[in-house]
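Student: I've got a model open and I'd like to learn how to read it. Could you walk me through a few features?

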Amino acid sequence: MSATTYVPYNDNLEQKQENEDQIIDSVVESMMRVNTRVFDKHRHAKRDAHAKCHGVLVGHVTVYDNLPAHLAQGVFARPATYPVVIRLSTAPGDIHSDKLPSPRGMAIKMLGVDGPQFLPNRQDAKTQDLLLVNHPVIAFGHAAAYLKTQKLLEKHADDPDMVRRIVAALARGGSKALHALGIDNPVVDTLGAPNNHILGETFFSMAAVRYGDYVAKLCAAPLSDNVRALTGQPLGDDADDSALRNLVVDFFNGQGAEYELRAQLLTDIEKMPVEDASIEWPQEDSPYQPVAKLTIPQQQAYSPARRVFADDVLSFNPWHCIEAHRPMGSIMRARIKAYEASSRFRHEMNAQPRIEIDSIGQVPD
């Protein structure tokens, strides 16, 4: 496919929703009320999303040589190797049993990244965060739908059984939860989310990001045979509350893994909207193309020091990025305030420093 068929990045690809700033403020206010209730429950502040960690890993991303011009963009512009720290998680903002099917997350922090940072207060940083989930779309794909979902979760925050049902409905494709919110999306409804092994999943950015001169969605897919063999492998009936952590720890105690980073470039703004992340971009029009390899060696994936460092000190944020990979769309714009408010609350309540690491050696063994 010729590079000329890809839609060039420009600021006009984004269009703010009506009353978007007020909607985002309402999202953050609701989120912080829930965060406070979760803190009072545990006497420890959690992330407002992806609170439960299943493993903390270090490795490196190797950008492929001889990428075509449309793929050689941003951090992938030239062959390079970046140290990374990775946090595996599940989506709810509270700690639930792994028996519950929940969306899985892979957050990647790349270190030693050159280029101007997007946020003005991060110009000394050298990191690029990629926040990925094992769905190609997000059920609440724009800020207004995000607010409806957040209000539903807040309403039932003290009813863990109801929260589990809402999360499970979203994980299975969102039909029940979305219809309760007045959102009908047949594309999302068709997505399934069985309770499978976390290491066999493919993880997606769901929303669009700038990709240098273009726009893309990103994913990390199993590459080595040992993790490809885990794709679709269900958790057994005897799975316990920490089954995912146990699987991750057992796996990396004896072996390493490889995943491939891939980019799906925007080719048609009508079929592949930037402002609604609930609409899947058709791969027949623009397939995911390989750009780099993520290598994770054998290691201890869940030591006490690593768990505390990843849960209480580290922050993963899609806006921790260089200008060439700035997030796009209203759901991403909502995350500017949401992630900042959540991180500030978590660090203050847990009396932990807010730092951005610059060396993989800062990650404890």
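Student: Where is Asn 19 placed?

Tutor: Asn 19 sits in the segment before helix H1 (20-42); helices (H or I, at least four residues) and strands (E, at least two) are DSSP runs, numbered from the N terminus. This is a predicted model, where local features need pLDDT of at least 70, side-chain atom pairs count only at pLDDT 80 or more, and totals for chains, interfaces and linings use all residues. Residues are numbered from 1 along each chain as its sequence is written, and side-chain values use heavy atoms, with hydrogens and water left out.

Student: What should I look for in the backbone there?

Tutor: Most residues other than glycine have a negative phi. Asn 19, not a glycine, has a positive phi of about 60 degrees. Arg 43 also has a positive phi, near 60 degrees, and is found in the loop between H1 and E1.

Student: Is Arg 43 buried or exposed?

Tutor: Arg 43 is exposed, with a relative accessible area of 65%, while Asn 19 is partly exposed at 46%. The cut-offs: buried is under 20% relative accessible area, exposed is over 50%, and partly exposed is in between (1.4 Å probe, protein chains only).

Student: How do I read a strand such as E3?

Tutor: In a regular strand the side chains alternate between the two faces of the sheet. In E3 (residues 104-111), both faces are covered: Arg 104, Met 106, Ile 108 and Met 110 are buried on one side, and Gly 105, Ala 107, Lys 109 and Leu 111 on the other.

Student: Which strands pair with E3?

Tutor: Two strands pair if DSSP finds at least two bridges between them. Strand E2 (residues 81-90) runs antiparallel to E3, joined by seven bridges, and Thr 90 stands opposite Arg 104. Strand E4 (residues 127-133) is also antiparallel to E3, again over seven bridges, with Ala 107 opposite Leu 131.

Student: And empty space?

Tutor: Rolling a probe the size of a water molecule over the atoms shows where empty space is left. On a 1 Å grid over the protein atoms alone, a cavity is a set of points where a 1.4 Å probe fits but cannot get out, and a pocket is an open set with protein on both sides within 12 Å along at least five of seven lines; lining residues have an atom within 4 Å of a point. Grid points are joined across faces, edges and corners, and a volume is the space filled by probe spheres set on the points.

Student: How many cavities of 30 Å³ or more are there?

Tutor: The search finds four. The largest holds about 120 Å³ and has 13 lining residues, with Asp 129, Leu 130, Leu 131, Val 209 and Pro 318 nearest its centre. E4 gives the largest share of that lining, five residues.

Student: What is the average pLDDT?

Tutor: The average is 88, and 88% of the residues score at least 70; pLDDT is the predictor's confidence in each residue, from 0 to 100. Over residues 173-177 the pLDDT is below 50.

Methods
Contact means heavy atoms within 4.5 Å.
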